[in-house]
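User: Please go through a sheet and a helix of this model with me.

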Amino acid sequence: MSGLRADSGISIARIWPYSADLRAGDKAVGAEPGDLRRCSLFASALSATAILHAQSLVEDMSGCRKAKKARAKDTHDRGPDWYKDAVIYQLHVRAFYDSNNDGVGDFCGLAEKLDYIKDLGVNAIWLLPFYESPLRDDGYDISDYKAINPAYGTLDDFRDFVEAAHARDIRIITELVVNHSSDQHPWFERARNAPPGSPERDYYVWSETGDEFEKARIIFLDSEVSNWSWDPVAKAYYWHRFYACQPDLNFDNPLVIREIKDLLKFWLDLGVDGFRLDAVPYLVERDGTNSENLRETHSVLKLIRSEVERLRPDCVLLAEANQPPESTLSYFGKGDECQMAFHFPLMPRLFIALAQEDREPIVDIIEQTRALPDACQWALFLRNHDELTLEMVTEEERKYLWHVYATHRRLRINLGIRRRLATLLNGDRRRIELMNSLLFSLNGSPVIYYGDEIGMGDNPFLGDRDGVRTPMQWSADRNAGFSCADYVDLYLPPIEHRFFAYDIVNVDEQRKMRSSLLNWMRWIIKVRRSHPAFARGEITFLAPANKKVLAYLRSYEGETLLCVINLSETAQAAELDLAEWAGCVPVEMFGGCAFPAIREEPYTITLPGREFLWLKLFPADQVDPARGVPHEAMDRPDLPAADKPVPPRPREKEGGRSDNPASNRK
Ligand code: GLC
């Protein structure tokens with residue numbers, strides 16, 4: 001059932017049964033802060049989502065005592081490998097919420113919005129760079145690694161923010177941008193004035209001719225013509241893999257390594273739980289190679305890992321290594337480098353599979369990238385703050401993806417596409433949900449880019465990648481409710497274009513609307529987090545003849561989940577070989593409805609276009625054919641029994657045989 005919402009620009013594919021007017025939930029909170037039970041009673045006439053909402057708000061209001069209770073439920077959320085159970089929310093502090101109305105988001109504003117993030121269901125935040133910087137590459141050009149950009153707040157604000165996040169059981173991952181600094185960093189100033197060959201000069205990589213490392217590719221193809229730039233002060237060329245204002249640090253200099261260890265300690269002492277290692281393949285360069293993924297780079301990583309291990313064994317390192325599968329895998333080392341790496345090989349293939357209505361690109365890449373060291377985990381993502389990178393696909397695939405997803409040249413940058421998820425998918429709610437269902441069920445920890453949970457759009461008329469970095473859309477109020485500053489003072493304008501304009505797509509509206517994308521996202525995150533097999537389970541692909549259908553099992557500690565995805569625009573049927581599970585009953589995970597029992601024969605699934613099913617397999621004797629499964633077995637402790645869907649009672653036939661297929665077990 002899908003139709004166009006005139007007011008959101010996004011079509012509604014699914015009206016799910018547990019949602020409700022969340023305003024009612026808000027009222028319940030107002031009734032008696034701190035009294036979870038009474039709040040639930042008050043809300044008992046409402047549906048489950050309202051109650052979830054009310055509960056989380058009450059938790060927030062009553063502080064750590066309630067938060068601890070919630071923590072205890074999430075049994076897999078502790079221990080040094082917490083990142084395996086993480087659902088990560090990526091955001092830029094400057095884009096989130098402006099508390100002092102200067103037009104720029106800040107840490108106090110972000111702290112105010114922590115309840116929103118908590119309510120979404122995520123348990124980790126990845127902060128884009130917030131350090132002092134001339135902002136020529138949106139903060140990836142750092143001029144002081146130990147200072148906060150004053151527009152975003154102070155170190156005390158940062159400390160308070162981290163504490164507030166931790167009190168809500170949310171971990172904080174920050175950026176470690178050490179491949180390069182800003183050319184305005186004092187280290188560079190000192191280097192260019194220091195004598196050639198001195199330790200100070202050697203903080204960076206210099207050349208008299210600019211001829212070295214000629215096999216290294218240029219990454220910012222639209223703006224740079226060389227990886228060397230002339231410095232008139234030093235009277236020498238300096239090396240940079242990105243913008244010329246970002247000179248690369250020299251990892252052959254032990255003093256640089258010492259500085260980095262010092263930085264790690266500084267931020268860990270402030271409570272940070274992990275680091276995203278920016279541009280990590282390029283740390284070291286060598287003549288005669290493409291200067292990517294070198295052995296020496298991996299040695300640096302091992303040093304970084306052993307340092308964080310020494311300081312904080314549960315600190316996670318997350319590699320940004322946009323590389324072919326084998327090289328990306330190398331960033332896990334033997335479990336002695338990064339615990340996590342972004343799944344760059346998978347990301348573009350998700351979009352190829354969707355466009356071609358063919359599961360092969362996904363299955364193929366996951367088969368190539370499944371063997372990780374024990375404590376390691378992929379970070380899955382659909383979009384982020386950069387362009388949707390197509391550097392690592394074939395020329396033919398790139399052309400195809402440009403053709404499908406970025407017909408206009410303006411939508412492209414370097415070798416990628418500068419669009420957000422919702423605009424890439426034309427605001428098609430079915431495809432947005434489908435892609436998110438993959439994000440939340442494939443093997444890895446999902447990363448959500450801020451704003452994608454409400455289907456925010458982009459502005460391709462803004463420079464560089466700014467079009468996907470616009471202010472978070474909180475409401476239909478001035479400046480999208482992001483800031484009360486004058487419009488001209490905003491760091492970037494909010495999206496005002498047609499279907500994606502902030503008066504249509506915003507948090508306020510979507511909180512009220514039971515079928516909104518935001519509420520759907522909260523729901524799917526909730527379901528994902530209640531089933532550890534998604535986070536930690538093995539993945540096994542099934543191979544139905546119909547290649548438009550992707551089907552896989554996720555299994556962990558006795559729990560087995562079956563995910564079936566119809567990549568096609570139109571309805572499809574597939575026969576799944578589930579003989580190994582004969583006798584089990586699949587139970588739909590959003591509603592608890594029991595499906596026909598599995599037999600030795602192929603199991604037929606039919607799905608409308610661009611739809612998916614998540615089913616949990618139960619031994620038949622645990623399923624009441626009339627009522628599905630006991631609520632506890634679905635791991636949804638927050639849903640009151642009254643809201644649990646009760647399948648219609650089967651009609652008794654002659655001989656007592658039920659016509660509910662779930663009861664016709666062997
Ligand atoms: C990473 C960042 C990107 C930045 C580049 C240079 O790829 O994601 O935004 O421009 O590094 O620091």
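User: How many bridges join strand E21 to strand E25, and which way do the two run?
Analyst: In this predicted model, strand E21 covers residues 559-566 and strand E25 covers residues 612-619. Valine 564 of the pair stands opposite leucine 613 in E25. The two strands run antiparallel, and the bridges that join them number five.

User: What is the order of the strands in the open sheet, and which are the edge strands?
Analyst: The sheet has five strands with antiparallel pairing, in the order E19-E20-E21-E25-E23. From one strand to the next, the twist averages 30°. An edge strand here pairs on one side only, which holds for strand E19 (538-541) and strand E23 (584-588).

User: Which helix packs on the sheet, and what angle does its direction make with that of E25?
Analyst: Helix H17, residues 429-441, packs there. Helix H17 touches strand E20 (549-556), E21 and E25. The angle between the directions of H17 and E25 is about 40°.

User: Why are the buried residues of helix H15 on the same side?
Analyst: Helix H15 spans residues 395-405, and its buried residues are Arg398, Leu401, Trp402 and Tyr405. In an α-helix there are 3.6 residues a turn, so residues three or four places apart point the same way.

Note on methods. Residues are numbered from 1 along each chain as its sequence is written. This is a predicted model: local features need pLDDT of at least 70, side-chain atom pairs count only at pLDDT 80 or more; totals for chains, interfaces and linings use all residues. Side-chain values use heavy atoms; hydrogens and water are left out. Two strands pair if DSSP finds at least two bridges between them. Helices (H or I, at least four residues) and strands (E, at least two) are DSSP runs, numbered from the N terminus. Axes are lines fitted to C-alpha atoms, for helices over the stretch in contact, and angles run from 0 to 180 degrees between N-to-C directions. Contact means heavy atoms within 4.5 Å. Buried means under 20% relative accessible area, exposed over 50%, partly exposed in between (1.4 Å probe, protein chains only).
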